Structure formats: structure tokens, C-alpha cells
Amino acid sequence: GSGINGDGLNRPSDVTWGRNGNIYIADGFGTNNRIAKFDKNGDFVKTWRSTGSAQGQFNGIRGIASDAAGNIYVADAGNKRIQVFDGEGAFKSSIANIGSPQAICISGGATQFLYSSNSNDPESMDAGEIYKVRLNGQVVGRFGRAGKLPKELGMDNAIDCRTENDLWVGEVWNWRAQKITLRR
């Protein structure tokens with residue numbers, strides 16, 4: 001895209017839309033480590049970026065999601081956290097103790113939940129679980145493990161969670177999308 005500090009996007013990893021139609025692109029593979037914001041017509045608005053581990057800095061952005069209040073959640077995998085910003089890029093909070101977040105999504109409904117995959121690495125059976133988190137950062141549960149069988153997960157790179165209990169998980173390692181229904 002033109003207008004992004006003259007250097008375009010570099011292997012973007014995810015996209016989300018804000019409540020007013022703004023578009024937020026996670027440009028986190030490669031060296032950019034930034035969020036690019038566009039208006040609802042696709043015109044460049046701004047970018048925020050900085051490589052590192054301090055508050056507001058990124059190291060390998062893998063996912064991005066937005067809540068009903070207009071906050072932007074960024075899966076900062078290299079720093080093992082999800083950072084929360086307002087729609088203009090001002091830092092609000094950080095969520096930790098969820099492994100290395102890869103794919104993330106925020107459910108619909110009156111009470112929204114954040115789902116975050118602690119995806120396994122290629123050829124590894126470590127991790128693989130998905131965390132269910134309140135928007136205030138409180139982990140309320142986790143499920144799944146790495147594997148190739150039904151109900152196991154392999155390198156999750158996408159999660160869709162339009163409702164609190166029905167998820168679709170895209171898995172690179174297993175070449176599939178799997179529907180997961182959570183019991184209350």
C-alpha cells in the first residue's frame with residue numbers, strides 16, 4: 001500500500017476492522033513490526049511501530065482483533081503477550097501468561113471473550129492450546145493440545161469466534177479447519 005511511510009506492507013499477518021469501519025493491518029512478519037491503520041475507504045491514516053520488548057513495542061506480530069468498544073488487540077508473539085491499544089494506537093494494557101499468542105479473535109455477544117492460540121512450532125508437540133480470556137486479561141480457561149488427530153490442533157494460524165462457544169480454527173500443520181464447540 002502507498003502512503004505507509006513510503007515502504008509499503010511487508011508480509012502482513014492479519015487484519016481487523018474497527019467499529020467505525022477503519023481497517024487495521026498487522027504487518028508483523030519480517031522486519032516491520034507495526035500496525036497500519038486505514039479508513040473505511042482504504043486510504044492510509046497512520047501507522048504505529050517500534051521493534052523491541054517495551055510497552056507499545058513489538059516482536060513478531062501474528063494476529064490482530066478488535067472489540068465492540070473500538071480497542072485493538074495485538075498478538076505480540078515474540079514478547080509472549082497481547083497488547084491492547086485504543087483505535088488511535090495509544091497503549092492501554094498488556095495480557096500475559098498465555099504462551100506465545102498466534103491467532104486471536106474476539107467473540108460477539110453482550111460479553112465478549114478473547115481467544116488466543118499458543119500454537120505449536122513446526123514438527124513440535126509442545127503447546128498447541130487455545131486460551132479463553134476476559135477482555136480485562138483474566139484467563140478463564142484453556143483447551144486443546146498439539147497433534148494431528150480430531151480435537152488436537154496443529155499450528156493454528158486463524159481463529160473465528162463469532163459466538164462465545166463456537167470456534168473455527170485454521171491449522172497449517174494439519175491442512176484443515178476444525179469446528180470446536182465449547183460446553184458451558
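In strand 2, W17 has I23 as its bridge partner. Strands here are DSSP runs of E of at least two residues, and helices are runs of H or I of at least four residues, both numbered from the N terminus. Strand 1 and strand 2 are antiparallel partners, joined over four bridges. Two strands count as paired if DSSP finds at least two bridges between them.

The model is predicted, so local features need pLDDT of at least 70, side-chain atom pairs count only at pLDDT 80 or more, and totals for chains, interfaces and linings use all residues. Residues are numbered from 1 along each chain as its sequence is written, and side-chain values use heavy atoms, with hydrogens and water left out.

Now look at the loop between strand 2 (23-27) and strand 3 (34-38), where F29 lies. Leaving aside neighbours within four places in sequence, F29 is in contact with N10, R11, S13, I61 and R62. A contact means heavy atoms within 4.5 Å. The C-alpha atoms of F29 and T16 are separated by 16 Å. Those two residues are 13 apart along the chain.

Charged pairs come next. The whole structure holds eight salt bridges. Each is a side-chain nitrogen of Lys or Arg within 4 Å of a carboxyl oxygen of Asp or Glu. One of them joins the side chains of R34 and D27, at 3.0 Å from N to O. R34 counts as buried because its relative accessibility is 0%. D27 is buried too, with a relative accessible area of 0%. Another salt bridge links R81 and D76, with the closest N and O atoms 2.8 Å apart. Both R81 and D76 are buried.

A further salt bridge brings together the side chains of R142 and E129, at 3.9 Å from N to O. This pair links distant parts of the chain, 13 residues apart. R142 sits in strand 12, and E129 in the loop between strand 10 and strand 11. E129 counts as buried, at 10% relative accessibility.

Four of the five residues in strand 11 are buried. Strand 11 pairs with strand 10 (residues 113-117) in the antiparallel sense, over five bridges. Here F113 has R134 as its bridge partner. Strand 11 also pairs with strand 12 (residues 139-143), again antiparallel, over four bridges. In strand 12, R142 is the bridge partner of Y131. The hairpin of strand 11 and strand 12 has four residues between the strands. In this hairpin, G137 takes a positive phi near 100°.

What lies inside? The largest nonpolar core has 13 residues. Such a core is a set of buried Ala, Val, Leu, Ile, Met, Phe, Trp, Tyr and Cys residues joined through side-chain atoms within 4.5 Å. Y115, I130, F143, I159, L167, I180 and L182 touch the most other members. Strand 10 and strand 14 (166-171) are the elements that give two or more residues to this core. Apart from it lies another core of 12 residues, among them Y73, A75, V84 and I95.

Finally, step back to the whole chain. Its secondary structure comes to zero helices and 15 strands. Buried residues make up 49% of the 184 residues. Along its principal axes, the C-alpha trace spans about 45 × 40 × 30 Å.

Definitions and conventions:
Buried means under 20% relative accessible area, exposed over 50%, partly exposed in between (1.4 Å probe, protein chains only).
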